[in-house]
Amino acid sequence: MSDITFDLKENGMVVGLPDGDSYFNYYWLRDACLSCIDPQTRERIFDASELKNAPRASSAMIDDEMLVIGWQHEAQASRVPMALLRQVAKGGRTADPAALPRNLWYSDHLPKITRVDQHAVLNTDEGLARLSRAVIEDGIAIVTSMDKTVEALPRLVNTMGSVTPSAEGLFFDVRVEIEPTNLAFTAGPLEMHTDLPGEEFAPGVQFLHCLENTVEGGLSLFLDGAAVAEALRAEDPAAFELLASHDIPFFYRHDNWDYRAHQRVIETDPDGNVTGVTISQHLQDYLDLPQELLDLYYPAFIKFIRMMQEDRFMLRFRSEAGNCVVFDNHRIVHGREGYVADSGSRHLRGCYMDRGALRSTYRVLAKKGFTLDEGAKKQALA
Ligand SMILES: [Fe+2]
């Protein structure tokens, strides 16, 4: 540590870290001082706008893995962990244990879906970590051995976060209804879709708890929308770009509600990685892009929808009573084959939760050490 160098500039300093020189702005360093965070509430208690003068360092040294900065206009020195500087120098931001790469999956994923027993999720950190990590990485997991009661679903969700309300309220029941407000509540087939794109922020994580299923047909369909989007990017980059750069309108309306929102069909992060998709032909409004642009947009859109129907992406399985499928509603596209309504009973109970709650749960568990992947864990236990 003693060979670290400092070059104090007007607005920031260059720190000579072992991996190379890195520049840090003085405001940022002042904000990063450990004294800015209240140890009790863990909230920020320093407001940089209250500084009378722009911060400017007069000295810098290392003390016990801390960068100690003396300021020209403040009596008290700041202490910034060197580990933080190294993280930010490396990736531009602080480390996030929940920022796990997505594992794209295809039609052969069924035997590989992470399955976690309800009791493990409710009673063990390891079970909860396995479930939350799988939903972050794969976008889907199944909780098994759920009680076949309406109380079982909120009990499961509450281990990870809170139920997020939607237009349907806190919970919805997928079964045949006499006066359905949604195609899901009929026995007909349900085309591949993500839920509620007409809401300003479509729900993040969806839970579908199967309470009963004795009907003929009605297989559940799931695919990884991120995998299809990446396949489109590889096969037709121009089509991918169109779907990733224009919003289209969706709605959800009936007698007493009229939701409308615009969404990108392919959602990407600032680095261009696919973070999700939005697709729902039964909740899609009249496209309001310029008509000339539609000459290009429609063929790209239809190509993407047709790709979603290809067998190479599709998982088909029967929802078993006692199982709850947990999936990322911004990434995993789901549907259902039609079934014979009077051949038995089919009842799925569902709800939503924020993706932020999922990641929060995983970060807390990661801090406790539940970050090993399955192979490493088996080795560690051997
Ligand atoms: Fe749905």
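My entries follow, from the whole chain down to single contacts.

**Entry 1: the whole chain.** First reminder to myself: this is a predicted model. I looked up the length and got 382 residues, of which 33% count as buried. Along the principal axes, the C-alpha atoms fill a box of roughly 80 × 60 × 40 Å. I counted secondary structure next and found 10 helices and 20 strands. Then I checked how far along the sequence the contacts reach. Taking contacts between residues at least 6 apart in sequence, I see that 73% join residues at least 24 apart.

**Entry 2: domains.** Where do the domains lie? The domain assignment puts domain 1 at 5-91 and domain 2 at 107-375. I also looked up the distance between their C-alpha centres, and it is 43 Å.

**Entry 3: the start of the chain.** Here I found strand β1 (residues 5-8) running antiparallel to strand β2 (residues 12-17), with 4 bridges joining them. The link from β1 to β2 is a hairpin through 3 residues. I picked Thr 5 and looked for its bridge partner in β2, which turned out to be Gly 16.

**Entry 4: an open sheet.** I followed a sheet of 6 strands, and its order reads β7-β8-β18-β11-β20-β9. The sheet is open and its pairing is mixed. Which strands sit at the edges? They are β7 (115-117) and β9 (172-174), each of which pairs on one side only. From one strand to the next, the twist averages 25 degrees.

Arg 115 stands opposite Ile 142 of β8. Helix α4 (residues 125-137) packs on this sheet, and I noted that it touches β7, β8, β11 (205-213) and β18 (324-328). Its direction makes about 150 degrees with that of β8.

Entry 5: Last, I looked at helix α6 (residues 225-235) and helix α7 (residues 237-245). Their axes come within 5 Å and cross at roughly 130 degrees, so α6 is oblique to α7. Which residues meet there? From α6 I listed Ala 229, Leu 232 and Arg 233, and from α7 Pro 237, Ala 239 and Phe 240. Sorting the residues of this contact gave me 5 nonpolar, no polar and 1 charged.

How values were computed:
Residues numbered from 1 in each chain as written. Predicted model: local features only at pLDDT ≥ 70, side-chain atom pairs only at ≥ 80, totals over all residues. Pairing = 2+ DSSP bridges. Helix = DSSP H or I, 4+ residues; strand = E, 2+ residues; numbered from the N terminus. Axes fitted to C-alpha atoms, helices over the stretch in contact; angles between N-to-C directions. Contact = placed C-beta atoms within 7 Å. Domains from an automatic or database assignment. Buried ≥ 20, exposed ≤ 12 C-beta atoms within 10 Å, placed from the backbone. Parallel < 35°, antiparallel > 145°, perpendicular 65-115°, else oblique. Nonpolar A, V, L, I, M, F, W, Y, C, P; charged D, E, K, R; others polar.
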